[in-house]
Amino acid sequence: MKKNTVGILLGMTLAAAFFAGCGSNEATETANESAELEQAGEGESPDTEVTEETEESDAEEESGQEAGNTEDEEEPEEPAVRVGVLLPDSDEGTWFSDGQELQADLEAFGYEAELVFAEGDCEKQITQIEDMISEEIPALIITPVDEYGLTEILSETKEKGIYVFSYDKLIRDTAGVNYYTTFSGRSIGKMIAKEIVKEQELDKVKEAGESRTIEFLMGSLDDSQALFLYNGVMEILQPYLDDGTLVCRSGQTSFEDTGILRWGRERAEKRIQSILDEFYQDTELPDIICTGFDDAACGAADVLEERGFVPSDEYWPMITGCGCEIDAVRYLVQGKISCSIFMNRSNLAEKCVEMVDTCLKGEKPETNDYQEYDNGKKIISTYLCDAQLINEGNYESLIDSGYYQSEEILPEAEGENGDMETSGDSEETGEQEPAGEQENVGTDEKQMDSENTEGNPSKEIPEDSILSILGNTREGL
């Protein structure tokens, strides 16, 4: 009887379990587990079981969430998008510092900069571009070694949809350039010329029927920006040359005659020496020496000093520079040159990187010139950064802005007792180093750099070939 009763009860239990969780392995396992606990005497009330199971489930869920969060935190970040930066030469201070600026700005925007220098070799630069194309780098910032030498390789970037940004120097004869960032050479030329007109009071000179002598040392014959600057200068000064208010005794007024190939300081010095020897008497100097770059201005000042002239002499000419390089600013403070043009290259680098970032995000970057920069294949949409004329009246703005430190450009500072102290005082002896010796060190180093550059055969370009390359495009610029 007891056996039958047990059998009936067991059957009812199994049937209930079957209908409550038909096909459910989980329900079956739970029922079996409960039965085992009861048989072992460890079973507890259903309410207690539910509470413990809920707490255990919640704990497991929280543990899973924490584990998930840990996994999210430990997941490696995706690698930064790479941007190629291809500059012409690491030996020239300008391009090396520009490379550092561009790299820092790209990293600040979250990109990885692939910075390379071509060391003045166009074929090497082409190989560098080829490598970056094969690595599928989506954007390239390029200052060309040869403005006309990248036509073929940049056709590949166009086909592959790689953005190309021409930096400072315009890449010519290719449709593969997307955007250009630079300073307006034409505007800078006008700025220099207007300063000459103002300081020399050429309108008053003209009214009085008098004249002033002028000689020109312009920028490199193979650089289109140098040509823009020359055109800007002549746009203002040509009327004064035409009516005789300005007289160029050497007759060298064309870009071809006045351009200094490769921006060579030594070449500029030889040019002004030759002009002085042939067209000016021993005690004569031009009233104005208009140059297109600081090394030419400083070189001309050095030649005059070597000939016994001093900046305080009434015959000392007005000498104009361009670039506000540190030597030129020192010369300006000392009265050796009259003015230079400050082009903040930090701003240039930052603007270029902003354009890169905008394009890689699928948007159109800001530009402010749509017609002046025709590279022979198309007009390149350009952003022109502002420049500033610096003279004795405002050179301290370079110190106030932090661009230069006062000790870098001011060789002497006034002491508490009104005595003149040099910035090169000896820490050990307290003795002062002669200011002249400090200046010579910087000048000698600059001269050595210039001589090394000009002595490198790979960087020499025959003037005839450069002029033939420019051809009729000179008029368009």
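Here is a short walk through this predicted model, from its confidence to a helix pair and its nonpolar cores.

The protein averages a pLDDT of 80, and 70% of the residues score at least 70. Two stretches call for some care. Residues 1–55 have a pLDDT below 50, and in the model this stretch makes 6 contacts beyond near neighbours in sequence. Residues 413–476 also have a pLDDT below 50, but here the model shows 79 contacts beyond near neighbours in sequence.

Now find helix H7, residues 185–199, and helix H9, residues 224–242. Their axes come within 6 Å and cross at roughly 35°, and the crossing of H7 and H9 is right-handed. Where the two meet, H7 brings residues including Ile188, Ile192 and Ile196, while H9 brings, among others, Phe228, Leu229 and Leu237. Sorted by class, the H7–H9 contact has 11 nonpolar, 5 polar and 4 charged residues.

Leu237 is a handy link to the next stop. It's one of the residues that touch the most other members of the largest nonpolar core, a set of 56 residues; Leu102, Ile141, Phe165, Tyr167, Ile214 and Phe216 are the others. H9 gives this core its largest share, 10 residues.

Leaving out residues up to four places away in sequence, Phe165 touches Ala139, Leu140, Ile141, Ile142, Tyr179, Cys352, Met355, Val356 and Cys359.

Conventions. Residues numbered from 1 in each chain as written. Predicted model: local features only at pLDDT ≥ 70, side-chain atom pairs only at ≥ 80, totals over all residues. Heavy atoms only, no water. pLDDT = per-residue confidence, 0-100. Contact = heavy atoms within 4.5 Å. Axes fitted to C-alpha atoms, helices over the stretch in contact; angles between N-to-C directions. Helix = DSSP H or I, 4+ residues; strand = E, 2+ residues; numbered from the N terminus. Left-handed = near helix turned anticlockwise from the far one by under 90°. Nonpolar A, V, L, I, M, F, W, Y, C, P; charged D, E, K, R; others polar. Core = buried A, V, L, I, M, F, W, Y, C linked by side-chain atoms within 4.5 Å. Buried < 20%, exposed > 50% of the residue type's maximum accessible area, 1.4 Å probe, protein only.
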